[in-house]
Amino acid sequence: MSTIYEVAATIKPKTPDEEAVLKSLWSIRPCYLYNEEYEDCTSIKARFNQYFIHGESIDCNQWKRDFDNCVRFEKNATDTKSALELIDSEQKRREERMRAHYGNNVWTKRKAPPEDWAKPLPEHMQKEYESSFLACESQRNSGRTANARSGKQLLMFYNVTRKRRNVQMQKLQ
């Protein structure tokens with residue numbers, strides 16, 4: 001069986017439907033994924049999860065229809081009806097998944113990142129980082145230290161640093 005993209009190479013668009021299929025071909029998944037989704041949706045584990053989340057089993061037949069349409073399209077590249085049904089199904093699935101994102105009116109979406117997003121950390125945070133477990137691991141992994149500490153030594157160092165920080169915090173209170 002050939003892949004969707006091998007099938008696409010054979011299509012020479014003559015009709016508007018064939019052009020629509022070529023433009024939206026990127027949204028069609030490999031056929032085996034539709035079958036896997038169907039099998040996963042109908043498994044006992046998934047049925048239990050569906051009952052827990054939705055209070056009932058959901059209809060998994062769309063995954064089966066998508067698999068059948070995909071196989072038909074792979075076998076016959078001129079079967080634009082199957083391809084268009086598959087593309088429409090994928091578009092509906094994408095719209096459903098993104099509905100909450102687009103319907104969110106709590107947060108204001110940014111047009112660009114803040115101007116100072118890449119500014120350096122404050123000096124006290126840089127000093128804390130220099131003596132942190134993360135900095136030691138980073139140096140050890142990058143090979144910049146000649147005598148890299150063992151994992152046990154790093155853990156001891158981390159615990160000592162944490163205890164020291166806790167003592168400093170108690171003094172401040």
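Trainee: Is Cys60 buried or exposed in this model?

Mentor: Happy to start there! This is a predicted model in which local features need pLDDT of at least 70, side-chain atom pairs count only at pLDDT 80 or more, and totals for chains, interfaces and linings use all residues. Residues are numbered from 1 along each chain as its sequence is written, and side-chain values use heavy atoms, leaving out hydrogens and water. Buried means under 20% relative accessible area, exposed over 50%, and partly exposed in between, using a 1.4 Å probe and protein chains only. Cys60 has a relative accessible area of 2%, so the residue is buried.

Trainee: Which residue forms a disulfide with Cys60?

Mentor: A disulfide here is a pair of cysteine sulfur atoms within 2.5 Å. The sulfur of Cys60 lies 1.9 Å from that of its partner, and this partner counts as buried at 8% relative accessibility. The partner is Cys41.

Trainee: How many residues apart in sequence are the parts that Cys41 and Cys60 tie together?

Mentor: Helices are DSSP runs of H or I with at least four residues, numbered from the N terminus. Cys41 lies in helix α3, while Cys60 sits in the loop between α4 (44-54) and α5. The pair therefore ties together parts whose separation in sequence is 19 residues.

Trainee: What is the handedness of the disulfide between Cys41 and Cys60?

Mentor: Look at the torsion about the S-S bond, which is about -65°. That value makes the disulfide left-handed.

Trainee: How many disulfides does a search of the whole structure find?

Mentor: Besides the Cys41 and Cys60 pair, a disulfide joins Cys31 to Cys70, with an S to S distance of 1.9 Å. Counting bonded cysteines along the chain, the pattern is 1-4, 2-3. The search of the whole structure finds 2.

Methods. Helices (H or I, at least four residues) and strands (E, at least two) are DSSP runs, numbered from the N terminus.
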